[in-house]
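Me: I would like to learn how to read a structure like this one, feature by feature. Could you take me through it slowly, with the general idea before each case?

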Amino acid sequence: MPKAKAAKAAPRPASGPVTLLVGTRKGVFLMKSDRARKSWTLAGPHFLGNIVNHLVLDPRDGRTLLCAVRAGHLGPTVFRSTDLGRRWKEAERPPAFPKAALGEKGLAVDHVFWLTPGHSSEPGAWYAGVSPPGLFRSDDGGVTWEGVAGFNANPMRIVWIGGEQEQGPPGGATLHSINVDPRDPRHLYIGISAGGAFESSDRGETWRPLNQGVAADFLPVKDPEYGHDVHCMRLHPLAPDRLYQQNHCGIYRLERPAERWDRIGNAMPKAIGDIGFPLVLHPRDPDALWVFPMDGGTVWPRVSPGGKPAAYVSRDGGRTWRRQDKGLPAKQGWFTVKRQAMCADAHDPVGVYFGTTSGEVWMSASEGGRWTSIARHLPEIYSVEAAGG
Amino acid sequence: MNVLIPSQLRDYTGGRAQVEARGATLAALLADLERRYPGIRFRMIDEQDAIRRHIRIFVNQQQAPDLSAALAANDEVVIVGALSGG
């Protein structure tokens, strides 16, 4: 495998305190470290009782936070803070599908699932992925949102996602993994669970499936063009022609302009398999990535295989993998790590973090070499993002 | 007319459990509530004008299935958050 071509030089490692933005089923928690990342303080909850699928910092200004919020009783919305979470204000027009014509059935956003800041040349631009699968864009820092009609009103949308399904995967079918090419704000990738990976070269006006080589074992069709179940897909910012994907059916890498994904999960231990939700990239090395396998057997327990949680790291683009479980429960550890709940900071060595469905936050200051629990007893964790440093 | 606001929506009404609003129909009343308390409507009514799954609206103690109910000035409207489980 050739080394990935870097589009630009790697940024200098960070050295300051790290803030973890933790979204949970019952609100937001912020965890702040010292410069050494040895001691952590926990603040919150914000939005207590609200379901928070994603909380993301805008890297373009370093102070704007967007938070995808809904409550058990109430509909979905987006809250924004321009002072790192001290004060919050609700979007004036949250993501919402168009009102259907009389007699027609329209779509309604159930929840905002994923938030991605736009291109560095477009300050204020954000994308949101929602359930049922839909894509929205804001050009004013998240105050107002418009549907991306090229996807939401695309006549193929309903075909790509296999029909509107009330239930779908747990939590509902959803659009996520919105990746903006750092070389070109018009060039976008999205992932749909289920539906597959899609690419646009015109800022979302048109889309095409990008799923060659990806398994879809749950479909009766061999090598379908779409319908795949992307769990997490990430483009490396330093090598934007390289995409990695954790799928319902394996771990993959794609080198553009090629169209065919390579199943790098085949190199994972057979007893562990290559099923999971999150996939995390090293900020300075496009060949390094982490996954957190889960049990995809029988009824899909979606827990750590055998009750022995571990991350797996590859340093060579997925050709080989190494187990990383020092410090984690050696047995009877049955948690799940969801697709937004694992991340890396920008230090050297990189800090790797994950949150669990059982409300724990774990970190490794040694790129996965040893894990330490830094928070317990939180609600079920949906997302963890590292900011600052 | 009086509108009773459930605890889940009182962030929008400054903490008030009971507010005044006007409208000849439930749809018009909710539009007036939105004018007075921006953002409140979308949290209980979706973009297709359906009452959200875990919201109930009662007009004079009768549950309204949709927003077409006619209202009179002295009617009482009660909005309820209806959800069970953890």
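Reply: Let us begin with two terms: helices (H or I, at least four residues) and strands (E, at least two) are DSSP runs, numbered from the N terminus, and two strands pair if DSSP finds at least two bridges between them. This is a predicted model, in which local features need pLDDT of at least 70 and side-chain atom pairs count only at pLDDT 80 or more, while totals for chains, interfaces and linings use all residues. Residues are numbered from 1 along each chain as its sequence is written, and chains are lettered from A and ligands numbered from 1 in the order in which they are written.

Me: Which residue is the bridge partner of Gly191(A) in E14(A)?

Reply: The partner is Ala197(A), and the two strands concerned, E13 (residues 188-193) and E14 (residues 196-200) of chain A, pair in the antiparallel sense over five bridges.

Me: In what order do the four strands of the open sheet in chain A stand?

Reply: The order is E12-E13-E14-E15, with antiparallel pairing. Strand E12 (174-180) and strand E15 (208-209) of chain A each have a single partner strand and stand at the edges, so one side of each is left without a neighbour in the sheet.

Me: Where is Ala194(A) placed, and what kind of peptide bond joins Ser193(A) to Ala194(A)?

Reply: Ala194(A) lies in the loop between E13 and E14 of chain A, and the bond that joins Ser193(A) to Ala194(A) is cis, with omega about 0 degrees. Another cis peptide bond, with omega near 0 degrees, runs from Asp348(A) to Pro349(A), and Pro349(A) sits in the loop between strand E23 (342-344) and strand E24 (352-355) of chain A.

Me: Is Ser177(A) buried or exposed?

Reply: A residue is buried if 20 or more other C-beta atoms, placed from the backbone, lie within 10 Å of its own, exposed if 12 or fewer, and partly exposed in between. Ser177(A), which is found in strand E12 of chain A, has 26 C-beta neighbours inside 10 Å and therefore counts as buried; its phi is near 50 degrees, a positive value in a residue other than glycine.

Me: How many residues of chain B are in contact with chain A?

Reply: Contact requires that the C-beta atoms of two residues, placed from the backbone, lie within 7 Å. By that criterion, 14 residues of chain B are in contact with 14 residues of chain A. Helix H2 (residues 40-44) of chain B gives the most to the side of chain B that touches chain A, with three residues.
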